[in-house]
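Thanks for making the time this morning.

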Amino acid sequence: MSKKLPIILLISCYFLLCFGLFEKLKGEQPKTNMETTSTNYSSDIATIEEDNQEEIWGTLDIPEIGLTQPIYPLDSPKNNVEENVTILKESILLPEENSIIFLAAHSGTGKKAFFTRLDDLKKGDSIIFTFKGKTNYYEIVDIMEQEKDGTISVPKNQISELVLTTCSERDRTKQLVIIAQKK
């Protein structure tokens with residue numbers, strides 16, 4: 001019996017140590033990088049903006065489909081279609097008169113398919129594009145499909161426009177192009 005006492009005491013100490021460590025770790029919350037999806041995470045966007053103010057140019061908000069996503073500067077590593085809604089370098093940025101901003105993102109499945117529901121939009125729907133602290137309101141005026149050949153053909157009007165593009169859900173050889181004009 002005396003030989004079993006040290007083993008029982010050792011096992012008891014082990015469990016007490018494990019329990020104490022578990023309780024300590026349970027109170028700590030892991031630190032994670034915030035990642036947004038195609039649903040509306042406006043509070044998450046606010047947190048991202050607070051943490052990375054110098055890295056975010058603004059947000060794209062499409063209420064009809066519940067999309068709110070940050071927009072990163074052209075030279076940011078986060079401005080790429082594999083991670084975010086991307087502002088294309090061919091854009092003529094605000095506050096330029098008659099600006100035209102091209103935004104692209106994946107559609108389909110997966111957490112990075114931010115433009116999956118673009119085909120649910122219709123003419124007259126609103127898009128809110130906050131850029132460098134200024135909120136801009138757009139209205140969808142045209143929705144079309146074009147051949148997917150690496151270019152987007154849109155007639156340039158004498159008004160500021162926002163152009164959204166992604167792969168067509170109906171035909172993978174085509175791209176969906178949505179043109180919205182500034183109100």
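Lysine 132 sits in the loop between strand S5 (126-131) and strand S6 (134-147), where strands are DSSP runs of E with at least two residues, numbered from the N terminus. Its phi is near 50°, a positive value in a residue other than glycine, and lysine 132 counts as exposed at 56% relative accessibility; exposed means over 50% relative accessible area, buried under 20%, and partly exposed in between, with a 1.4 Å probe and protein chains only.

Please keep in mind that this is a predicted model, in which local features need pLDDT of at least 70 and side-chain atom pairs count only at pLDDT 80 or more, while totals for chains, interfaces and linings use all residues. Residues are numbered from 1 along each chain as its sequence is written, and side-chain values use heavy atoms, with hydrogens and water left out.

Asparagine 98, in the loop between S3 and S4, also has a positive phi, about 60°, but asparagine 98 is buried, with a relative accessible area of 18%. That loop also holds proline 95, which is joined to leucine 94 by a cis peptide bond with omega about 10°.

Turning to charges, the structure holds 6 salt bridges, each a side-chain nitrogen of Lys or Arg within 4 Å of a carboxyl oxygen of Asp or Glu. One of them pairs arginine 170 with glutamate 145 at 3.6 Å, N to O, and this pair links distant parts of the chain, 25 residues apart. Arginine 170 is exposed at 63%, whereas glutamate 145 is partly exposed at 31%.

Methods. Helix = DSSP H or I, 4+ residues; strand = E, 2+ residues; numbered from the N terminus.
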